[in-house]
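Hello,

Here is the structure I promised to pass on. My notes on it follow below.

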Amino acid sequence: MDVGLVDVVQHVNRILTQLPTGISTPVALRFDITSQPVCNIAVAADMDERDLYDLAYNTIEPQIEHLSGVAQAQVLGGRIREIHVTLDQDRLQALGLPVSGVFNSVASANLILPSGDLKTGKFDYTLKTESQFNVVRPMEDIVLKVVNGVPIRVRDIGSVDDSYQEQTELVRIDGKPGVTMRVQKLANANTIDVVDNVIKSIPKLTGVPPNVRMTLSFDQSLYIRQTISGLQREAGLGALLAMIIIMLFLRNIRGTLIILVAIPLSILITFIWFRFGGDSLNIMTFGGLALAVGRLVDDSIVELEAISRHYNDRKPQQTKIQATLEAAQEVASPIFVSTLTTVIVFLPIVFLTGIAKLLFIPLTITIGVALFGSFFVSRTVTPLMCLRFLPPEKHLDRESTALSDRIRVRAHDWLEAIDGGYERWLQWTLGHRRSVIIGIIATGAVSLLLFKFIGTEFFPEQDEGQFSITVKLPVGTRIEESTVVCQEIEKVLQENIPEVQSIITDIGIPTARSGSLFARNSGTHAANIGVALVSPEKRKRDIFEIIKAIRPKLARIPGVALYISPSGFLRFLLNFGSNAPIDVEINGYDIDAGTALAKTVAGIVRSTPGAVDVQVTREDNLPELRVKIDRDKAGALGINAANISNTISTCINGSVASLYTDPVSGNEYNILVRLNQDYRQRIEDLRNIVLTADNGQPVLLGNVATIVKDNVPVQIDRKYQQRLVEVTANVQGSDLGTVAQAIQKRIDGLTLPPGFEIRQSGNVAQQNKTFRDLGLAFGLAIILVYVVMASQFQSLIDPLIIMFTVPLGIVGVFWALFLTRTTLSVTSFQGVIVMVGIVVSNGILLVDFTNRLRQKGVPLEEAVVKAGRTRLKPILMTSIATVLGLIPMAIGFGGESTQAPLAIAVIGGLTVSTTLTLFFVPSLYVVFEKRFKREMNAPGEEA
């Protein structure tokens, strides 16, 4: 990224000399999340707005920018102090004074110039001629011209006022004018640490009067804190539910505690990896831990179940340690293969690109390290703890009246009933295996049709507790008129959204001093209203319900276009800086044809169900006055174009002649020279601007130029060296994929002007690309899982049988997404890939133990039934523990929903796959074995 940025800068620098005169130096910026503020500091006080801005800019901002991790604290709003030298044009004309003469006189009267040095005596004195003003009023005494011995001063042709810059941007905080500071962090800084530093520093700032109130109006760390806190609660609840189900199956507190030790030890191993791998605890890594918490006990469950069974069946001459080693050897292969297949599905993630890769690599690494940690614990800690603390199961005393004995008897009988029932059903299934296999395949095939009813989107929308309203009035509207409309919008928001925490309205565009590189508005006719809501636990509605409710109320405001969107750093990142998920790009050179085509496309998008907040990015009809110079007349009078342009600029906008240094604060302010307000309000005033001919005679601008009205675009965007117009929209009441397909279908029917092309970009393009990448990753994951199992079983048939659990899992995923109304997104697609690695574990346990029994000479169908009954308990325990561990995340119990689609996909896939695998895999096994008639050899025997 840095190399690319340098390359762009080098190419731009090569053409700087070819740019027209007066063009600002181009600035190359890379797309970076750090361009979004981590927090906004609202500064309010009962004081003059100039003093408030001075306090924020000169006192508060430097102290905030010195904090660790802070890159910039940009001050927006307020009034910037400025010294105005306003001129009376009639007096200037009467006295024959050109505006440029006044400008030069003011500039030369306020200087500090080095004047050499004077050597006298023992010392060498530096000379400095100082004529700076330390108070404002004496500027009126500057002599401009002497006529007949009478000096003409500034006060004779105008006045000097201690005023403020003409406002092109106005910030309102909760309905009142104020100042806000956008705090941005360094690229490598932690958001929470930066915000904490800002919060701690506010009470300690020096030079801030007691009556100044400073609060955080926006805080991006709140979403991160809430998400991580939610993930912690969800992981904790998932671990508790897993413990309950393990306790229910084992009927042994010691055994339950031995298994649960795997969770903290596996997490500790993961933290060690974080420490030396350079990773941090963030939303994605915490999400990985929360997702893995139910799976962390699986290996230890299988290990302990086998050890417990060997303890109960131990022969008289067999020691406890021998039984432990025998059990550990029995499950070593299936445990390792199950763990490896679960982890290896993440390997194809390297083929992802863009934001999906950045988000999922930390998650997958976290899950992989945690699962390998759990495997290590199951092979070392679990057997040792079983050897030390796990006794053989006590004899059931059915005559005892003790509560503990009665519970043990009930639990034992319940599990025996499950085992017996499963054995009977499995025997029946094997007797009707062809019908069962065909029935399951047919049911699965029909279930795949559910895909048509499952919507698609790039990433699920997240409630980040804030939304923004883009306000657009007719192009060219003055900032005062825009302010009136924004006040009306603020009133509607305050009356209809009790969940509001703060409202910050940013009207117009920043001055050069504040910086306009990241300005959200295109002019004084535009505004952006940011609304921050209270935390989710303090409100009954989510942000999407609030936006849906407020849209029709704001739509009643006449004469204004409003676009409402959820906001936050995650949305900004996923949209790649775009304002909306639907983004139709129209590329072509001709401006008029492009504008007409954009209006047609906007009509298509607007009439598409589910598309809301439709807007065209190119704004036309900006009123413009063009001064067309009559070169012959101007040349005859000795007036050149540069002189005319500079004079117009000084008269209308004003020109900075010098700087005024405040003697008290030492702060510097511009001294601006321009005409009085009365002489720059009408178009006729422009014609009456006085120019100076070669002979010193005054000449009116209207005599050498004509003023022409015109309309132009506010801004022209380019992409791939083509002019670009974008039509953007939000999605409501539907999914992104359905809306995008409907739009594309109608766009394909358009007849485009020559040289134009239309394509969908933004989230739609990213979704299509990422889905293709995930499809490739899914295919590679299946291949890798098959290869791993084939190398372990040393067979091509057994892995093929086990791989049938994958389509069963996909059926479960589709049903889960359909029933919960969850879309197929990048997150849920990732859940499908995770599911592949998990569901094969059950098949591995069944097939591996069946092979072991057959190697001991047990007949085929008897071995299948016995293996099924023996492995039923660990399969149910691991599957139910994993599902229960994911349920809190799937329902968003902790208030965090980022990984909910992933959890829902895994739950659905694992639930259906486990249920069907218990019958489908044994049936397939018998069919394949009778078809190929393999010979099973005991370990150590040659085939």
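(A salt bridge puts a side-chain nitrogen of Lys or Arg within 4 Å of a carboxyl oxygen of Asp or Glu.) Glu330 sits in helix α12 (residues 320-344) and Arg309 in helix α11 (residues 298-312), 21 residues apart, so the pair links distant parts of the chain. Helices (H or I, at least four residues) and strands (E, at least two) are DSSP runs, numbered from the N terminus. Across the whole structure, the search finds 33 salt bridges.

Before you read on: this is a predicted model, where local features need pLDDT of at least 70, side-chain atom pairs count only at pLDDT 80 or more, and totals for chains, interfaces and linings use all residues. Residues are numbered from 1 along each chain as its sequence is written, and side-chain values use heavy atoms, with hydrogens and water left out.

**An antiparallel sheet**

Four strands form an open sheet, ordered β2-β11-β1-β12, with antiparallel pairing. (Strands pair if DSSP finds at least two bridges between them.) The edge strands are β2 (70-77) and β12 (213-219). Six bridges join β1 (residues 39-44) to β12. Ala42 stands opposite Thr215 in β12. Helix α2 (residues 49-65) packs on this sheet, touching β1, β2, β11 (179-185) and β12. Contact here means heavy atoms within 4.5 Å. The direction of α2 makes about 170° with that of β2. (Axes are lines fitted to C-alpha atoms, for helices over the stretch in contact; angles run from 0 to 180 degrees between N-to-C directions.)

**A mixed sheet**

Another four strands form an open sheet in the order β8-β3-β21-β20, with mixed pairing. β8 and β20 each have a single partner strand, so one side of each lacks a neighbour in the sheet. β3 and β8 pair antiparallel over seven bridges. The bridge partner of His84 in β8 is Asp161. Helix α2 also lies across β3, β8 and β21, at about 60° to β8.

**The second largest pocket**

The second largest pocket holds about 2000 Å³ of space. (On a 1 Å grid over the protein atoms alone, a pocket is an open set of points where a 1.4 Å probe fits, with protein on both sides within 12 Å along at least five of seven lines; lining residues have an atom within 4 Å of a point. The volume is the space filled by probe spheres set on the points, which are joined across faces, edges and corners.) Its lining has 49 residues, with Glu166, Thr168, Ile652, Asn653 and Arg680 nearest the centre. β19 gives the largest share, five residues.

Best wishes
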